[in-house]
Amino acid sequence: FFNVARAASMIKHPGIVDIYDFGMHTNGAAYIVMELLSGESLGSRMARGALDEVEIVELMRQLGLALAAAHAHGIVHRDLKPDNLFLLPDPLVPGGQRLKILDFGISKLGDQSETRNVQTVTGQLMGTPLYMSPEQCRSAKSVDARSDLYSIGCILFQLASGRPPFLGEGLGELIVA
């Protein structure tokens with residue numbers, strides 16, 4: 001929870017969700033205060049129909065710039081997917097839509113030589129296999145910014161073709177692919 005807040009609040013980029021405050025309430029509950037966004041996820045937008053080439057290029061440009069800002073702060077997102085990318089109406093950007101990256105919950109912060117284990121105690125993978133790099137699927141502890149670039153490639157493939165780059169009947173098949 002605090003990983004999300006700490007990571008996103010460090011970056012200060014128009015393509016990253018703004019975090020205003022986070023901490024523990026007196027009753028022991030954790031809280032996070034972030035900007036209120038009005039729009040839809042890229043996943044929701046894709047479900048309504050194909051995007052045109054110009055729109056795809058502009059959104060990927062914005063994603064690349066926001067991700068470069070995160071990487072410049074030593075932050076690797078590790079869960080880029082259409083549902084973690086939010087589209088806001090913004091007449092000041094080309095195409096009239098601003099893309100914002102959300103959910104830094106499993107991000108790698110700073111210059112860590114090793115990351116937290118990418119598996120939970122129960123063995124459930126953290127991340128979304130449709131967009132995870134092979135090294136992240138193997139639970140490699142040294143996943144770096146290149147893993148996010150792989151995820152961008154998977155998102156771009158899906159935007160351009162209408163389907164993810166790899167399909168499988170189960171999680172194992174998908175990870176092997």
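Before more of that, the ground rules. This is a predicted model, where local features need pLDDT of at least 70, side-chain atom pairs count only at pLDDT 80 or more, and totals for chains, interfaces and linings use all residues. Residues are numbered from 1 along each chain as its sequence is written, and side-chain values use heavy atoms, with hydrogens and water left out.

Now the overall layout. The chain has 6 helices and 5 strands, both taken as DSSP runs numbered from the N terminus: helices are H or I with at least four residues, strands are E with at least two. In sequence order the pattern reads α-β-β-β-α-α-β-β-α-α-α. Of the 177 residues, 44% are buried. Taking contacts between residues at least 6 apart in sequence, 61% join residues at least 24 apart, a contact being heavy atoms within 4.5 Å.

Lys 12 has a positive phi of about 55° although it is not a glycine, and sits in the loop between helix H1 (2-11) and strand E1 (19-24). Arg 78 is also not a glycine, and its phi is positive at about 70°. Its place is the loop between helix H3 (53-72) and strand E4 (85-89). Arg 78 counts as buried because its relative accessible area is 3%.

Next, salt bridges. The count is 7, where a salt bridge is a side-chain nitrogen of Lys or Arg within 4 Å of a carboxyl oxygen of Asp or Glu. One of them joins Glu 35 to Lys 100, with the closest N and O atoms 2.8 Å apart. That pair links distant parts of the chain, 65 residues apart: Glu 35 is in the loop between strand E2 (30-34) and strand E3 (40-41), and Lys 100 is in strand E5 (residues 97-101). Glu 35 is buried at 14% relative accessibility, and Lys 100 is buried at 5%.

Another salt bridge pairs Arg 61 with Glu 58, at 2.8 Å from N to O. Both lie in helix H3, 3 residues apart, about one turn of the helix. Arg 61 is partly exposed at 40%, whereas Glu 58 is buried at 12%. Arg 98 and Asp 90 form a salt bridge at 2.9 Å, N to O, and Asp 90 is buried at 14%.

On a 1 Å grid over the protein atoms alone, a cavity is a set of points where a 1.4 Å probe fits but cannot get out, and lining residues have an atom within 4 Å of a point. Grid points are joined across faces, edges and corners, and a volume is the space filled by probe spheres set on the points.

The largest cavity has a volume of about 40 Å³. Its lining includes Arg 78, the residue with the positive phi, along with Asp 79, Tyr 131 and Ser 147. Helix H5 (residues 145-161) gives the most to that lining, with 3 residues.

Key:
1 Å grid on protein atoms, 1.4 Å probe; cavity = no way out; pocket = protein on both sides within 12 Å on 5 of 7 lines; lining within 4 Å. Buried < 20%, exposed > 50% of the residue type's maximum accessible area, 1.4 Å probe, protein only.
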